[in-house]
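Thanks for coming. I will go through one interface and then one residue beside it. Please have the structure open.

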There are 4 protein chains.
Amino acid sequence: MLYFTSDYTTGAHPEVMARLNETNLEHTVGYGADPYCTEARQLIREVCQAPDALVQFLVGGTQTNATVIDALLQRHEGVMAAQTAHINVHESGAIEHSGHKVLVLPSHDGKVWADEVEQYVSDFYRDETYEHMVAPGLLYITQATEYGTIYSLAELEELSAVCHRHQIPLFLDGARLGYALASDAADFTLADIARLCDVFYIGGTKQGLLFGEAVVAADPARLPHFLPLVKQHGALMAKGRLLGVQFGALFKDDLYGRIGAHADAMAMRIRQTFEQAGYKAAIDSPTNQQFFVLPNDVLDRLSAHVSFELWGPRGESETTVRFVTSWATSQADVDALGELLRGF
Amino acid sequence: MLYFTSDYTTGAHPEVMARLNETNLEHTVGYGADPYCTEARQLIREVCQAPDALVQFLVGGTQTNATVIDALLQRHEGVMAAQTAHINVHESGAIEHSGHKVLVLPSHDGKVWADEVEQYVSDFYRDETYEHMVAPGLLYITQATEYGTIYSLAELEELSAVCHRHQIPLFLDGARLGYALASDAADFTLADIARLCDVFYIGGTKQGLLFGEAVVAADPARLPHFLPLVKQHGALMAKGRLLGVQFGALFKDDLYGRIGAHADAMAMRIRQTFEQAGYKAAIDSPTNQQFFVLPNDVLDRLSAHVSFELWGPRGESETTVRFVTSWATSQADVDALGELLRGF
Amino acid sequence: MLYFTSDYTTGAHPEVMARLNETNLEHTVGYGADPYCTEARQLIREVCQAPDALVQFLVGGTQTNATVIDALLQRHEGVMAAQTAHINVHESGAIEHSGHKVLVLPSHDGKVWADEVEQYVSDFYRDETYEHMVAPGLLYITQATEYGTIYSLAELEELSAVCHRHQIPLFLDGARLGYALASDAADFTLADIARLCDVFYIGGTKQGLLFGEAVVAADPARLPHFLPLVKQHGALMAKGRLLGVQFGALFKDDLYGRIGAHADAMAMRIRQTFEQAGYKAAIDSPTNQQFFVLPNDVLDRLSAHVSFELWGPRGESETTVRFVTSWATSQADVDALGELLRGF
Amino acid sequence: MLYFTSDYTTGAHPEVMARLNETNLEHTVGYGADPYCTEARQLIREVCQAPDALVQFLVGGTQTNATVIDALLQRHEGVMAAQTAHINVHESGAIEHSGHKVLVLPSHDGKVWADEVEQYVSDFYRDETYEHMVAPGLLYITQATEYGTIYSLAELEELSAVCHRHQIPLFLDGARLGYALASDAADFTLADIARLCDVFYIGGTKQGLLFGEAVVAADPARLPHFLPLVKQHGALMAKGRLLGVQFGALFKDDLYGRIGAHADAMAMRIRQTFEQAGYKAAIDSPTNQQFFVLPNDVLDRLSAHVSFELWGPRGESETTVRFVTSWATSQADVDALGELLRGF
């Protein structure tokens with residue numbers, strides 16, 4: 001079987017596992033106060049060029065989104081996000097569980113547009129009854145988006161400008177940030193992200209770790225009393241050093257960049273493979289998620305040998321599918337996929 | 001340095017790490033629907049003699065408590081717990097974050113008494129204004145308690161009887177359940193726990209895993225729609241199989257029992273060591289946490305060579321300390337501790 | 001000045017005030033356990049032909065929506081409502097404050113369509129990842145809607161059928177229910193509402209009371225432990241009899257019906273008046289809210305003599321306005337409005 | 001029947017009803033933006049000597065406590081209160097519903113002691129694990145307390161000093177503040193309260209209004225964005241002017257002071273009457289709530305002619321009872337009570 005189902009179907013990258021094994025018998029204090037977390041925080045501050053940054057490690061994406069958004073919003077405020085955003089669709093109401101409304105913006109292949117954010121906020125305060133409505137108190141974006149697309153540096157700067165003009169923080173969900181950074185289409189660095197976003201997180205679960213997300217706020221005053229809030233959200237690991245060890249492995253010798261570059265390269269080859277076989281990409285994604293519309297008979301024959309996800313419900317005659325790459329995707333896998341496609 | 005700080009200062013037991021390494025490169029589906037979780041669930045059902053049980057894996061203790069309690073309580077209800085209970089003291093308000101009040105009962109070395117539970121519930125419904133008060137809707141106990149003490153089978157049966165007479169579920173926090181089960185003082189089995197408690201969890205974080213808690217409800221109807229609630233609480237792991245692999249390792253060849261027995265034996269020897277050196281145990285704990293009152297000069301000299309926790313604030317002349325054992329505690333460590341004590 | 005701003009700009013209908021004055025010095029028990037509440041409950045049960053109904057009085061609309069929705073939803077569920085629904089737009093996030101997501105359906109002049117509800121629920125459970133999404137657990141509708149429109153009996157029956165096929169309760173916000181019932185377009189009775197909706201409320205604030213909303217559930221099992229929940233939501237009045245006295249006045253001698261009929265008749269004449277002056281109704285509303293698109297110069301001249309609301313932002317050349325009637329609207333007011341319009 | 005059950009068993013004071021009647025037919029804007037609210041706010045600012053104060057009217061006590069506490073607390077914080085405090089006992093979990101823990105202090109006849117507050121806060125930050133615990137973020141006190149007792153000016157100054165030393169706001173629940181102010185034992189004014197408490201409220205429901213509580217913050221920056229939060233809590237009245245009209249009536253011609261003085265005088269005579277009959281006061285209360293321990297046979301005979309509340313469960317031979325006065329308590333009622341007592 002060839003696996004293109006997702007970027008979280010295996011364990012950790014071997015370099016990460018190696019470090020977990022090497023450190024396994026050591027004793028350290030808990031809850032992230034250990035030397036491995038300290039070191040990983042420092043590595044992240046350096047690559048982000050944010051020497052004072054607060055860096056806090058959490059376990060998973062939904063819990064990170066819920067905790068950060070809860071920390072950033074005042075009670076009368078909600079979080080603006082694209083209709084298709086993970087927090088609006090696929091987190092079982094975790095944001096609302098903390099008492100906050102998701103304020104929906106149009107999604108353009110997963111992205112929001114700065115002028116539509118501007119419009120939303122301006123319209124809001126022009127409405128005389130605005131105190132009876134949920135105030136836009138935060139903008140949430142994903143990079144890469146749920147559709148594999150990415151914001152350019154110019155777009156990020158525009159969004160950041162709109163937000164700061166209205167004193168609204170900007171929060172970037174980087175569950176797949178490494179695949180965005182490594183993309184040929186990327187014209188931004190982690191330092192740009194850290195400069196333009198009030199808070200963001202570097203996803204580890206989907207990029208080579210067993211689990212883990214690193215929340216970064218260049219200005220730590222953005223997240224006061226964050227540790228008790230992480231604990232309150234059930235997101236503080238007892239054996240916190242597991243996160244430090246893993247993120248240390250990810251940012252030493254730029255494993256993070258290597259994984260991103262490899263997965264993106266494999267994704268581009270998959271796209272080429274499909275296009276050569278006559279199936280156009282459904283979305284112009286430059287990252288590790290690729291979407292294609294396949295005739296149902298092709299889909300069915302492929303399913304016998306290849307694992308991948310349907311993207312939405314099965315259509316009557318054709319269906320959109322998603323192919324995802326990771327560090328574990330090999331050139332051999334992609335070649336085999338090509339052979340299969342050519343055989344149909 | 002000798003380490004008796006806690007049972008979560010190292011990584012995983014080597015047998016657990018071995019299984020994580022062996023399975024690391026395999027592809028599985030996410031969120032706990034993989035074969036390793038299925039197998040681990042089955043092993044737990046067997047040892048609990050609860051063939052239909054719901055078994056759901058979560059990551060950490062606070063998140064497990066918050067999620068289960070949220071699942072079991074109706075909105076007008078609160079959870080009864082000892083004054084000293086982890087949920088009342090050390091979870092940064094995670095229970096209240098989900099909207100629930102902790103209803104405080106007296107703590108007897110960490111335990112609640114059945115007659116006091118009975119009194120609380122009876123008094124509540126005798127009060128004419130009870131609809132203006134938070135109804136007792138759940139009883140939370142810990143086994144072993146925060147003080148290392150354990151409920152006997154008779155005590156558990158009494159608590160279970162009081163609860164069920166009032167149609168109140170009983171939830172047992174088993175973060176250190178294995179140390180209770182393995183204790184010489186224990187007269188109960190996992191099957192007893194599963195029979196007497198509506199819901200309980202088997203702690204892994206403190207007993208040889210990297211992380212992980214296994215929630216068990218012998219009657220799955222006790223926890224309807226539990227998966228979306230786990231997700232909503234940010235407690236659903238993407239790479240869910242990590243929990244299955246680890247719990248599989250814990251319950252195959254009874255690693256769980258072996259770890260418990262070893263740690264408890266080491267704890268008893270530590271207690272003996274202290275007592276022989278003239279320091280009485282502060283609490284009569286038969287499990288892996290031991291408490292002693294030490295003169296401050298002894299405490300200071302010991303601190304140079306041994307890592308352990310103060311239990312409460314440092315006193316003027318003497319201070320209560322906690323020593324904790326785990327699978328990683330060796331007889332050599334305990335011997336070395338004895339030599340140090342004899343040397344003062 | 002002529003007042004058509006809203007139906008809550010005056011105090012109470014004189015018959016209601018009279019009863020408050022008559023009973024003012026009496027002593028009764030608090031929190032709604034008094035004879036006036038008992039009597040008002042009975043009157044409402046009779047007119048609803050629901051002899052066993054739970055009838056609970058609350059103070060205002062937002063608090064009633066928040067409390068009932070919190071009572072009806074399980075934690076993993078959200079409430080379906082039209083995009084334009086009061087709970088989605090104008091309650092400052094009260095629903096999310098209780099932890100629940102509003103699941104948005106298309107609005108057709110304020111109404112939802114049964115087939116779109118059916119589609120939403122069916123699509124939800126066809127999605128393999130539905131446990132990662134907020135389940136539709138309740139349908140919320142308004143009658144009359146925020147746009148003055150009403151559901152016909154057939155439409156209510158369809159909605160009720162869809163809901164019950166999926167075991168989803170139907171909740172009707174009747175803040176302006178009396179104006180719907182009294183409309184010439186209405187083909188349903190309060191008994192139909194009570195039969196088809198699991199829970200609904202009879203609005204008093206907007207129909208002649210100082211304040212007050214009466215929640216009705218024909219089957220009281222739909223709202224177990226409702227009183228403590230009302231208290232928890234800060235919605236239980238100490239002097240609860242004020243609600244009983246007022247609802248008693250409203251339902252004795254059918255003041256409720258008389259107010260509705262009067263206000264609707266005035267609304268129809270206002271519509272006629274505008275149409276005769278050449279301004280078409282923007283929405284085909286058969287109840288006490290009427291909407292017109294006016295040229296801005298007409299709007300400005302009118303504003304000097306008449307109080308009314310803009311419906312949305314002022315347009316460049318023309319603007320939608322809302323005119324609302326109540327028991328306090330007189331034929332003389334409507335005539336005077338007509339003269340003004342003819343004078344422009 | 002003689003009524004001493006509570007201070008909320010009748011409607012409004014006749015002077016208040018008169019104003020409601022006089023203004024009933026007027027049209028005003030909703031939600032508290034009307035001239036009556038503006039005027040009442042101004043009257044309250046004057047009597048509080050707080051010219052810039054935010055004054056916001058809410059409907060009832062539980063909702064006021066829940067809304068203010070939610071506004072003042074950060075998410076990782078809880079509210080300190082006496083064990084016996086209304087928010088800890090009799091609000092059905094309204095505080096926890098908003099996500100906050102009540103941190104319990106010892107109750108001394110309903111009061112907390114400044115040195116115990118100091119101790120609690122100091123101990124908290126001395127605990128190394130304090131970030132795993134709920135931080136004390138607010139102090140809640142009642143004046144008069146649930147036991148009728150009052151804090152002296154010196155005690156209020158001490159509490160205020162402790163709070164401000166730790167940058168913790170002080171919130172005073174003044175549901176019965178007027179009875180405290182009017183007491184012979186009082187050595188403080190409303191201006192003192194406004195100066196010493198960051199936020200407090202003036203109770204109307206229990207002192208002559210149909211309903212209504214006026215929240216006051218001398219420094220409005222203490223309650224930013226309070227209006228949407230009031231709306232979110234379901235506490236914003238559509239016909240908001242009803243609160244302005246009533247509080248206007250209460251503070252013009254010092255009806256507030258007159259009601260307080262009358263009720264306290266009646267209470268003192270009741271106490272004298274019981275003491276002359278040989279029944280000592282159970283608590284030394286200088287305000288409108290008086291507590292006595294009565295033999296059960298006296299209690300039973302009294303119950304045939306007098307309405308009052310048991311304070312706690314009925315004892316085996318004797319029971320504590322509560323007698324409450326209000327503006328509606330007459331000297332004749334008290335005389336009649338005296339005759340009854342003398343007759344036993």
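By polar contact I mean a pair of N or O atoms within 3.5 Å; within protein, one must be able to donate a hydrogen and the other to accept it, and residues adjacent in sequence count only if both atoms are side-chain atoms. This is a predicted model, where local features need pLDDT of at least 70, side-chain atom pairs count only at pLDDT 80 or more, and totals for chains, interfaces and linings use all residues. Residues are numbered from 1 along each chain as its sequence is written, chains are lettered from A and ligands numbered from 1 in the order in which they are written, and side-chain values use heavy atoms, with hydrogens and water left out.

Now the interface. Between chain A and chain B there are 27 residue pairs in polar contact, both residues at pLDDT 80 or more. Helices here are DSSP runs of H or I, at least four residues, numbered from the N terminus. On the side of chain A that touches chain B, at least two residues come from each of α1 (14-23), α3 (61-72), α5 (94-97), α10 (226-232) and α11 (241-251). A salt bridge would need a side-chain nitrogen of Lys or Arg within 4 Å of a carboxyl oxygen of Asp or Glu, and the count between chain A and chain B is zero.

In terms of contact, meaning heavy atoms within 4.5 Å, 44 residues of chain A meet 44 residues of chain B. How much area do chain A and chain B bury between them? About 3900 Å², with 57% of it on carbon and sulfur atoms. Buried area is the accessible area (1.4 Å probe) that two parts lose on being put together, summed over both. Of the area that chain A buries against chain B, 20% comes from His27(A), His97(A) and Lys239(A), more than from any other three residues.

The same surface serves both copies, as 100% of the contact residues of chain A recur in chain B.

Last, Thr28(A), in the loop between α1 and α2 (35-47) of chain A. Is Thr28(A) buried or exposed? Thr28(A) has a relative accessible area of 11%, so it counts as buried, which means under 20%, with exposed over 50% and partly exposed in between (1.4 Å probe, protein chains only). Its side chain makes a polar contact with the side chain of Arg241(A), at 2.9 Å. Leaving out residues up to four places away in sequence, Thr28(A) touches Asp34(A), Pro35(A), Tyr36(A), Arg241(A) and, in the other chain, Thr9(B).
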